[in-house]
Amino acid sequence: MKNMNEIVLTGDRPTGRLHLGHFVGSIQNRIKLQNESSKSFYMVADIQGLTDNANNPQKVRDNVIEVALDNLACGVDPKKTIMFIQSEVPEIAELTVIFLNLVTLARLKRNPTVKNEIKQKGFNEDVPAGFLCYPISQAADILFCKSSLIPVGEDQLPVIEQVNEIVDTFNRYYGKVFNKVKHLVGDTPRLIGIDGNSKMGKSLNNGIYLSDSLKEITQKVMSMYTDPKHIHVEDPGNVEGNVVFSYLDIFDSNKKEIAELKEKYKKGGLGDVVIKKRLINVLEEIISPIRTKRLELEKNPELVMKILEDGTKKARIVAKETMAEVRKAIRINYF
Ligand code: TRP
């Protein structure tokens, strides 16, 4: 198998439940790769979650279990993937401090992902230093275990690029310790929000969650933007920019029927409710097994925490090995 030599690592910020955008952008790849790679890691990035929630630690704490549950319910398997909590691996923080010297402030401010998020969160110049530096701490997340393949959503690509710059600079200054990493984005690298916004986002309030009930899915799909000029069933409608068709293109496996429905919609004679009902069924088919498994796992939070604790122990062993190598390379291995 082509990824047999790769070490895979991904993670989520525990700042809210995960949605369909996460699923198609990264989670599907996580599940596939855990069977194909030599080793795979899944990290709950609580320290990164705190970079823009410093005054709300309870939110981060509460969502640690939520993102772990979402991943487990989707099929991330703790027998195949080492699942761990970022803050419990202090070597990651140590490595972050070392990497901080390898990146300029100007470079951090230019990172398009960070720039965008700063704007979205309304930080402007008052951005917390930790938030501005999160690509550096993400480099430490990725490199502490020498991972080589990183499944991420498309929005994270500039962060991965910056990680590779850190690899280059580190190796140039201290000798070769790390290898460059590759990213892997899902078949749908970016999912639009139910409001037609270019991205489904936790903080944009436009998501369909992997834990949503059928009722919630129904309400959300029914509220989706279609074509404002498509008022009567017999009116010709637009399929471009029509959120319902965009989702059907991604999630409905019967491409032939979707093509026919589009033709009919364009000609006139197909109502919004018909296509929305179809989408509700398609999404329910995907989400219902995830929801069922999640509800089962939710009954046993101790088990989920035990999975994270066991995974963290394994991650730390690797982290200590890498740190010993790093200290030696930088000649800060005194005793
Ligand atoms: N920044 C990622 C996100 O917001 C989460 C993350 C933290 C991550 N550390 C990582 C992703 C390491 C991949 C690898 O989704």
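Predicted model: local features only at pLDDT ≥ 70, side-chain atom pairs only at ≥ 80, totals over all residues.
Residues are numbered from 1 along each chain as its sequence is written, and side-chain values use heavy atoms, with hydrogens and water left out.

Let me begin with helix α10, which covers residues 214-222. Which residues of α10 are buried? They are I217, K220 and V221, where buried means under 20% relative accessible area, exposed means over 50%, and partly exposed is in between, using a 1.4 Å probe and protein chains only. Seen down the axis of α10, these buried residues fall within an arc of 95°, so they line one face of the helix; the arc is that of the directions from the helix axis to the C-beta atoms. On the face turned away from that buried side, α10 carries the exposed residues K215 and Q219.

What covers the buried residues of α10 includes α13, residues 272-298. In general, two packed helices are described by the angle between their axes and the distance between the axes. For α10 and α13 the angle is about 145° and the axes are 9 Å apart, with axes taken as lines fitted to C-alpha atoms, for helices over the stretch in contact, and angles running from 0 to 180 degrees between N-to-C directions. The crossing of α10 and α13 is right-handed; by the convention used, a crossing is left-handed if the near helix is turned anticlockwise from the far one by less than a right angle, and right-handed if clockwise. On the α10 side, the residues that meet α13 are L214, I217, T218, V221 and M222, and their partners in α13 are V273, K276, L279, I280, L283, E284, I287 and R291, with contact meaning heavy atoms within 4.5 Å.

I turn now to the aromatic rings. How many aromatic pairs are there? The count comes to 13, where rings of Phe, Tyr and Trp (its six-membered ring) pair if their centres lie within 6.5 Å, and planes under 30 degrees apart count as stacked, over 60 as edge-to-face and the rest as tilted. Among them, Y173 and Y174 form an edge-to-face pair, at 5.9 Å centre to centre and with 85° between the planes, and Y174 is partly exposed at 27% relative accessibility. Another edge-to-face pair is F245 with Y265, at 5.1 Å centre to centre and with 70° between the planes. F245 lies in helix α11 (residues 243-251) and Y265 in helix α12 (residues 255-267), so this pair ties together parts that are 20 residues apart in sequence. F245 is buried, at 0% relative accessible area, and Y265 is buried too, at 0%. Ring pairs also link F99, F170, Y173, Y174 and F178 into a cluster.

A charge is also placed over a ring: R13 lies over the face of Y134, at 4.5 Å from the ring centre, the rule being that NZ of Lys or CZ of Arg is within 6 Å of the ring centre and within 35 degrees of the ring normal.

Next come two backbone points. N124, in the loop between α6 (112-121) and α7 (129-132), has a phi near 55°, a positive value in a residue other than glycine, and N124 is exposed at 58% relative accessibility. K146, in the loop between α8 (134-143) and β4 (149-151), likewise has a phi near 55°, but K146 is partly exposed, at 29%.

S137 lies in helix α8 and is buried at 11% relative accessibility; leaving aside residues up to four places away in sequence, S137 touches Q86, I92 and T96. N35, in helix α1 (residues 20-36), is partly exposed at 40%, and its C-alpha atom is separated by 9.1 Å from that of T81, 46 residues apart along the chain.

Methods:
Helix = DSSP H or I, 4+ residues; strand = E, 2+ residues; numbered from the N terminus.
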